[in-house]
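Hi,

Here is the structure I promised to pass on to you. Have a look at it first, and my notes follow below.

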Amino acid sequence: MNWKKTLTAGVAVASAAVALTACGSSDSGKSNGNGKLAEKQVLNWNEASELSTMDPSKIMDTIGGDMLNNTMEGLYRLGKDSKVEPGIAEKTTVSKDNLTYTFTLRKNAKWSNGDPVTAKDFVYSWQRTVDPKTAASYSYLFSGIKNADDIVAGKKAPSTLGIKAVGKYKLVVSLEKQLPYFKLLMGFCVFAPQNQKAVEQYGSKYGTAAKYMVYDGPFKMTGWTGTNLKWKLVKNDNYWDKKNVKLSEINFSVNKSTTTSYNLYQSKKLDETILSPEQSKQLSNNGDYSVLKQARTSYLDFNQTQKKFQNKNIRRAISCAIDRKQLAEKVLGAGTIPCEGPVSKGLAKRDGKDFVEAAKTSEGAEFNKTKAQKYLKQGLKELGESNLSFTLLGDDTDNSKKITEFLQSQIEENLPGTKVSVQNIPFKTRVTRSQKGQFDVVVSSWGADFSDPISYLDLYTTGNAYNFGSWKNAEYDKWINKSKTTDAGNAEARWNDMVKASKIINEDQGISPLFQLNQPQLIRSNVKGLIQNTAGAVNNWKNVYITK
């Protein structure tokens with residue numbers, strides 16, 4: 001969910017919603033409330049990075065999250081403003097203690113191969129994801145479901161997970177503790193069903209190309225080979241709500257240069273493109289212009305298996321050397337704001353106070369050259385070194401190159417004697433290297449999977465698969481654990497636990513927060529019904545239609 005969402009500069013993105021709900025007849029040429037439908041209901045969409053996987057158990061990034069959230073459907077869908085809407089579940093009952101959820105599934109839901117979608121498909125999918133053999137990075141999201149933690153740790157069998165099928169169309173989920181965000185999780189693609197027959201048929205190829213998948217959502221994918229930069233989503237005629245799906249197909253093309261994608265937009269070969277800061281300034285008065293506000297933070301991950309980055313003063317020196325305001329306003333623009341901590345601004349409030357404000361610290365995100373040089377001197381002395389050098393890893397998109405070049409300049413200028421080499425590589429490769437710890441410092445980002453601070457804070461606990469820098473802090477782990485166990489049912493205590501944890505990672509520089517991206521874009525005014533949310537999947541194309 002960067003999808004948003006991997007926690008890297010290409011993942012689980014999130015955005016502000018501007019939506020028009022499709023209504024009326026789907027017949028071409030007839031009025032649909034906002035104009036007559038175009039004869040061809042085809043959308044041409046731009047992507048900035050390649051697609052890595054279509055396996056719901058192994059998804060890590062925003063683009064993959066978008067594709068899965070439009071081709072797969074779980075118990076719920078997330079509509080405008082992340083509002084939970086019916087998906088495969090047509091009825092939900094919850095026990096008085098909020099620990100047992102019973103879902104009644106619709107009987108007319110089918111897979112794209114014609115198989116019925118049943119409760120067993122959910123049981124199989126969830127058990128597959130938490131199975132340590134699958135090595136699912138998102139398995140930690142199942143924490144709180146009965147036995148999930150023990151299964152992920154290899155202490156219990158996947159079959160003991162708190163989910164069971166009662167007949168074909170009733171699903172019962174048992175929790176160990178209250179999860180305030182449980183229903184939002186159910187709208188995330190990791191919790192979608194999977195067709196066991198397809199998984200076993202395709203084996204290791206499952207999810208690696210469009211043809212090695214079956215789909216139960218509004219669309220199905222064609223044309224993706226696993227490495228190519230073009231593919232399609234086409235209307236799924238087996239989808240239970242196909243009458244409300246207007247688009248016949250969506251064509252995707254990857255363009256890492258915003259110059260290229262804008263030229264394609266001008267020539268009407270694309271209906272959407274993201275913009276560079278320079279393009280944004282020039283096109284802000286264009287009627288198709290909008291800014292995609294995102295619950296996504298970008299930050300520096302330090303490889304803390306290396307001695308130099310285990311040193312807090314070295315991490316602090318690098319952090320204090322960066323002018324985040326200049327990075328946000330001058331390099332990125334379009335309302336992008338400096339980060340003050342790991343959690344995005346506007347994601348969550350309590351008693352009218354934003355989480356970011358409640359968790360703000362004096363250390364962690366300030367620009368101070370004097371402090372930076374002081375910390376560097378102290379850190380080098382502690383290490384017994386005379387200078388600092390490292391490689392900064394980033395994506396190979398236009399925007400990512402500008403970010404890494406700016407960071408290189410800032411660090412070398414404000415920390416005299418420090419040498420920073422920059423390496424920009426394809427997103428998929430960078431994610432792999434991040435997972436394997438093959439980096440010194442990497443520009444990472446994370447888009448919230450749901451509207452709760454824990455969606456960020458969970459990442460940095462000891463052993464989390466997304467804790468690429470391997471930062472460890474027992475006190476941090478303690479507060480996160482309390483928020484998810486003893487304080488899970490107490491909103492105030494849980495909030496305070498998360499605030500304390502956020503302050504700890506800031507003051508210790510477990511990561512170095514950089515910015516919260518707002519993405520300028522052009523989307524043609526005749527594209528109606530698009531939903532873009534701040535957390536979870538960015539784009540919901542189910543109800544999109546094209547007018548004349």
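Four strands make up an open sheet in the order β4-β5-β7-β6, with antiparallel pairing (strands are DSSP E runs of at least two residues, and helices are H or I runs of at least four, numbered from the N terminus; two strands pair if DSSP finds at least two bridges between them). At its edges are β4 (89-94) and β6 (163-165), each of which pairs on one side only. On average, neighbouring strands here are turned by 20 degrees against each other, direction ignored (axes are lines fitted to C-alpha atoms, for helices over the stretch in contact, and angles run from 0 to 180 degrees between N-to-C directions).

This is a predicted model, where local features need pLDDT of at least 70 and side-chain atom pairs count only at pLDDT 80 or more, while totals for chains, interfaces and linings use all residues. Residues are numbered from 1 along each chain as its sequence is written, and side-chain values use heavy atoms, with hydrogens and water left out.

Back to the sheet: three bridges join β6 to strand β7 (residues 170-174) in the antiparallel sense, and K164 has V172 in β7 as its bridge partner. Helix α2 (residues 119-130) lies across β5 (100-105), β6 and β7, and runs at about 150 degrees to β6.

Another spot to look at is Q532, in strand β21 (residues 531-532). Q532 is buried, because its relative accessible area is 4% (buried means under 20%, exposed over 50%, partly exposed in between, with a 1.4 Å probe and protein chains only). Its side chain makes polar contacts with the side chains of Q521 (3.2 Å) and N539 (2.8 Å). Such a contact is a pair of N or O atoms within 3.5 Å; within protein, one must be able to donate a hydrogen and the other to accept it, and residues adjacent in sequence count only if both atoms are side-chain atoms.

Best wishes

Conventions:
Contact means heavy atoms within 4.5 Å.
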